[in-house]
Amino acid sequence: MSYRLTLGLVCLVLAGCQSPNPYVASSRPLPPAPPHAANTFDASAYPAPPRDFGRYRSWAWQNGQLPQGGALAEPAQLADAVSNALDQRGLRPARNGQAGDLLVSANVQLERRLQQVRDDYYPYGAYPYGGYPYSAYPYGGYGTYGSAGRYHNGYGAYASVPLVRTYEVEVMVVRVDLYDARDGQAVWSASAETASQGSQGEREDALRESVKKALNGYPPS
């Protein structure tokens, strides 16, 4: 009986395999590509080629205008500082109205910063070597008198109390931007700052130092 049942199941399975499949495969053709697809270049699919900084040999002011100055520096002073810094990096100004390899933009502005200064305060009667409340010795002097009046040689016997003071200072911030004259892409962009206090001559020195810092590292290796 078991043999007949098994044989009957096998026959039913074979009969089912020979029956027609009610599902019919069908597909639609893909739509045609747009006419401009063959001429479109996707730059994002490829890494950007390395920039050849060696071909940049000359420069000109962006839009043919001197950089913007301000209360801290005249436009001519900023232009002279930028020109000297570029000259030190092998870049020469374009001559006879020719287009430079680089377009240069620069500006200077005054900004405020918070600066913290730490002083080491010694309580009254504990100044090392008869010094002052704000001492240059952060951890005390070299010898002290104990409670019995004896002199003890040692270090750090005078306890100091750190006192942190916060000041608001004005700084001169110079920004320099370099652009490729052919495609307008940014080649270099950096800023640097120095203290704005001092005489007119000291501010001019600070201006040149800020421009030098902003171009420090150009061309990138």
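Two strands count as paired here if DSSP finds at least two bridges between them. Keep that in mind for the first stop. The model is predicted.

**Stop 1**

Select residues 161-180, which are strand 7. Move to the turn. Five residues lie between the strands of this hairpin, and Gly 184 has a positive phi near 75°.

**Stop 2: the whole chain**

Zoom out and colour by secondary structure. The protein has three helices and eight strands. Along the sequence the order is α-β-α-β-β-β-β-β-β-β-α. Of the 221 residues, 24% are buried. Take the contacts with a separation of 6 or more: 66% of them link residues 24 or more positions apart.

**Stop 3: confidence**

The mean for the protein is 76, and 67% of residues reach 70 or more. Which element has the highest mean pLDDT, and which the lowest? Strand 1 (residues 58-61) comes out highest, at 95. Strand 5 (residues 143-145) is lowest, at 36. Next, select residues 130-157, where the pLDDT is below 50. Beyond near neighbours in sequence, that stretch still has 49 contacts in the model.

**Stop 4: Arg 55 and Asp 180**

Show charged side chains. Side chains of opposite charge can pair when their charged atoms come close. The whole structure holds six salt bridges. Select Arg 55 and Asp 180: their side chains form a salt bridge, 2.5 Å from N to O. Arg 55 sits in the loop between helix 1 (2-17) and strand 1, while Asp 180 belongs to strand 7, so the pair ties together parts 125 residues apart in sequence. Are the two partners buried or exposed? Asp 180 is buried, at 0% relative accessibility. Arg 55 is partly exposed, at 28%.

Asp 177 makes a salt bridge with Arg 175, with 3.5 Å between the closest N and O atoms. Asp 177 is buried at 9% relative accessible area, and Arg 175 is partly exposed at 35%.

**Stop 5: helix 3**

Select residues 200-214, which form helix 3. The helix has 15 residues and spans 21 Å from first C-alpha to last, close to the 21 Å expected at 1.5 Å a residue. Which of its residues are buried? They are Ala 206, Leu 207, Ser 210, Val 211 and Ala 214. Look down the axis: these buried residues fall within an arc of 135°, so they line one face of helix 3.

Now show Arg 208 and Asp 205. They form a salt bridge, with the closest N and O atoms 2.3 Å apart. The two are three residues apart in helix 3, about one helical turn. An α-helix has 3.6 residues a turn, so residues three or four places apart point the same way. Both partners are partly exposed: Arg 208 at 40%, Asp 205 at 44%.

**Stop 6: Val 82**

Go to helix 2, which covers residues 75-87. Pick Val 82, which lies in this helix. Val 82 is buried, with 0% relative accessible area. What does Val 82 touch, leaving aside neighbours within four places in sequence? Its contacts are Trp 61, Val 104, Ala 106 and Val 211. Val 211 is one of the buried residues of helix 3. Also check the C-alpha distance from Val 82 to Ser 105: 9.4 Å in space, across 23 residues in sequence.

**Stop 7**

Most residues other than glycine have a negative phi, and most peptide bonds are trans. Asn 63 is not a glycine, yet has a positive phi of about 60°. Asn 63 lies in the loop between strand 1 and helix 2, and is exposed at 68% relative accessibility.

Finish with Tyr 218 and Pro 219. A cis peptide bond joins them, with omega about -5°. Pro 219 is in the segment after helix 3.

Conventions:
Residues numbered from 1 in each chain as written. Predicted model: local features only at pLDDT ≥ 70, side-chain atom pairs only at ≥ 80, totals over all residues. Heavy atoms only, no water. pLDDT = per-residue confidence, 0-100. Helix = DSSP H or I, 4+ residues; strand = E, 2+ residues; numbered from the N terminus. Contact = heavy atoms within 4.5 Å. Salt bridge = Lys/Arg side-chain N within 4 Å of Asp/Glu carboxyl O. Buried < 20%, exposed > 50% of the residue type's maximum accessible area, 1.4 Å probe, protein only. Expected span 1.5 Å × (residues − 1). Arc of directions from axis to C-beta.
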